[in-house]
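Dear colleague,

I am handing over the structure below, together with some notes on its sheet. Please read the notes with the coordinates open beside them.

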Amino acid sequence: MKIAFGCDPNATALKKALIAKAEELGHETKDFGSDDPIYANVAVDVAEAVAAGEYDRGIVVCGTGIGVSIAANKVKGAYCACVTDIYQAQRAVLSNNANMIAIGEQVVGIKSAEMFLEEYLKYEFDPNSRSGEKVAAICSYEGKNN
């Protein structure tokens, strides 16, 4: 799987740890940087690349994960879930077809974040699941309003 990563300057350590974990799991990675203090810029860059199909998934990190998730979700075709536990990481894919996750460096430790990443990358969304219609409704709404 090809995975895009990005963060603000406050979350560089977590982003580097997550890139190393993804590579350890056998995934191809690209670092979109961490120098811009305006976290929205890197989040949008990653989201645009994921939405365009250049990357299968995106991981964005800031202090809480909230800001980068809001910014990423402004990009049509980017679906970013802010995760703080393993169950959310799993359900981000299985229930919501999230092609991105956001994690907060000041909210979770590195080992926990690595577990969230590993769990998130294990799954693929099944459009025939009971969540299929729900996700289709979100995509339909997005299509009508953009």
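Which residue in E3 is the bridge partner of Phe5? That partner is Ile59. Before the rest, please note that this is a predicted model, in which local features need pLDDT of at least 70, side-chain atom pairs count only at pLDDT 80 or more, and totals for chains, interfaces and linings use all residues. Residues are numbered from 1 along each chain as its sequence is written, and side-chain values use heavy atoms, with hydrogens and water left out.

Helices (H or I, at least four residues) and strands (E, at least two) are DSSP runs numbered from the N terminus, and two strands count as paired if DSSP finds at least two bridges between them.

Strand E1 (residues 2-7) runs parallel to strand E3 (residues 57-62), to which five bridges join it; Ile3, for its part, has Arg57 as its bridge partner in E3. Four bridges join E1 to E2, again in parallel, and there Lys2 stands opposite Glu28. Five of the six residues of E1 are buried, that is, under 20% relative accessible area with a 1.4 Å probe and protein chains only.

The open sheet as a whole has five strands in the order E2-E1-E3-E5-E4, with parallel pairing. Its edge strands, E2 (28-31) and E4 (80-82), each pair on one side only, and the twist averages 20° from one strand to the next, with axes fitted to C-alpha atoms and angles running from 0 to 180 degrees between N-to-C directions.

With best regards

Definitions and conventions
Buried means under 20% relative accessible area, exposed over 50%, partly exposed in between (1.4 Å probe, protein chains only).
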